[in-house]
Amino acid sequence: MYDLLRESGYAHSRQGSGTWTALPEGRTPSGITRLLGSQDTAIDLARAAPGLPEELLNDALAQAAPQLAAHARTPGYHPYGLPELRAAVAERFTQRGLATVPDQILVTSGAQHALTLVLGLLCGPGDRVMTENPSYPNALEAMRRARLRTVSVPVTDTGWDTEIVESTLRQAVPQLAYLIPDFHNPTGCLMPDVARARILRAAQRSGTWLVIDETMADLALDVPAPAPFAALAAPGASSQVVTIGSMSKTHWGGLRIGWLRAPARLVTELAGQRVAGDMGGPVLDQLLAVALLARTGELLPARLEQTRERRAALAAALARHLPECGWQLPPGGLSLWVDLGAPIASALAERALDYGVRIESGAHFGTDPGLFEQRLRIPYTMPPDTLREAVHRLATALADDAPPAGSTQRPHWVV
């Protein structure tokens with residue numbers, strides 16, 4: 001085995017020093033390649049994230065420029081985040097039904113950064129963490145890298161089985177539970193308020209921290225936008241809830257602006273941990289975030305209408321070109337969780353590269369290997385004509401029995 005690894009470039013040995021693993025020359029770690037654009041595909045369906053209208057960005061830049069000049073006279077370090085951005089995020093929570101003050105907000109470099117900070121502070125190697133199955137791949141990877149033990153609860157096309165969630169909290173007593181209750185990624189399901197209240201009570205009984213990922217919460221297409229999960233907690237029960245959010249899905253991922261809401265004491269501890277690896281986010285990005293958040297009421301209705309049109313175009317294309325597949329039309333979010341009817345998703349994803357489409361198998365969303373091989377997550381964040389062409393190419397690839405070319409070097413990543 002060691003000889004094979006050495007021959008392949010995955011291991012190196014030195015007499016007296018032992019053997020260690022490494023990537024072959026020319027290979028990039030998957031954690032980096034997941035975030036790189038594809039050089040060999042024309043249509044990228046691995047990223048469920050929208051762009052930002054150029055005019056809106058230009059206006060925000062013009063608004064931020066004089067403020068940036070004023071900040072340039074200061075050291076520029078804000079471990080908690082810019083005070084005006086913390087206040088803006090706190091006000092958004094309050095408007096949505098969860099009274100919040102700026103001291104309860106920590107600005108981060110995206111929701112993934114927020115989750116990583118929380119895992120690092122609240123969990124230690126070997127701790128149990130409850131996750132949904134399927135779930136967001138980058139969140140699952142963060143847990144693996146933190147050497148946490150995951151216990152999973154299923155999310156099906158119809159949503160969560162609350163009794164299973166309650167039972168898992170009671171029997172496994174996890175240190176932390178990570179949930180995406182708002183237009184769940186990848187299924188698109190929306191958790192009912194009754195289930196939220198029951199899970200809040202069960203987590204309080206088990207002493208489990210709830211980490212609620214709200215990155216999709218504003219993307220309500222067919223239903224009213226949900227209130228914050230913690231708003232349903234009994235008095236005093238929200239002290240074990242951490243809510244994380246981001247501008248990546250509603251505005252633009254290029255800003256790398258996220259946040260978390262937690263008790264003020266915990267925010268202080270998290271800010272202290274953050275300084276060890278990140279002294280604070282870019283001031284310009286945060287000023288832009290303040291300007292863009294102030295115009296959410298202007299941006300969001302048009303974005304939601306555009307997203308509805310794109311969702312309809314994707315559904316129609318699937319019905320035309322892949323009628324044998326199944327899916328549920330989600331009430332919000334940015335993607336369809338498509339059932340291919342057979343465990344062929346990985347093979348199809350590799351073959352689709354030859355037809356100019358990049359997509360990842362549903363297996364990347366599973367907590368364990370081999371799951372969801374019959375599924376594809378297909379985002380509807382691209383123009384309708386592009387989505388129709390992408391589905392046409394996927395259908396052509398599915399009908400092609402030829403083996404894919406050059407699959408061994410392909411990086412796998414999802415956003």
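Predicted model: local features only at pLDDT ≥ 70, side-chain atom pairs only at ≥ 80, totals over all residues.
How far apart are E389 and R393 in helix α14? The legends below take up this pair and several other sites.

Residues are numbered from 1 along each chain as its sequence is written, and side-chain values use heavy atoms, with hydrogens and water left out.

View A. E389 and R393 are four residues apart in helix α14 (residues 384-399), so about one helical turn separates them. Helices (H or I, at least four residues) and strands (E, at least two) are DSSP runs, numbered from the N terminus. The two side chains meet in a salt bridge, at 2.9 Å from N to O; the term denotes a side-chain nitrogen of Lys or Arg within 4 Å of a carboxyl oxygen of Asp or Glu. E389 is partly exposed, with a relative accessible area of 32%, and R393 is partly exposed at 21%. Buried means under 20% relative accessible area, exposed over 50%, and partly exposed in between (1.4 Å probe, protein chains only).

View B. E305 and R308 lie three residues apart, about one turn, in helix α12 (residues 296-321). Their side chains form a salt bridge with an N to O distance of 3.1 Å. Both partners are partly exposed: E305 has 39% relative accessibility and R308 has 27%.

View C. E214 pairs with R96, the closest N and O atoms being 2.9 Å apart. E214 counts as buried, because its relative accessibility is 8%, whereas R96 is partly exposed at 22%. A search of the whole structure finds 16 salt bridges.

**View D. A nonpolar surface patch.** L61, L68 and L284 form this patch, with about 200 Å² of accessible area together. Patches consist of residues with over 30% relative accessible area and no salt bridge; like charges are joined within 9 Å and nonpolar side chains (Val, Leu, Ile, Met, Phe, Trp, Tyr) within 5 Å. Accessible areas come from the Shrake-Rupley method with a 1.4 Å probe, and for residues only the protein chains shown count as cover. L61 belongs to helix α3 (residues 54-71) and is partly exposed, at 36% relative accessibility.
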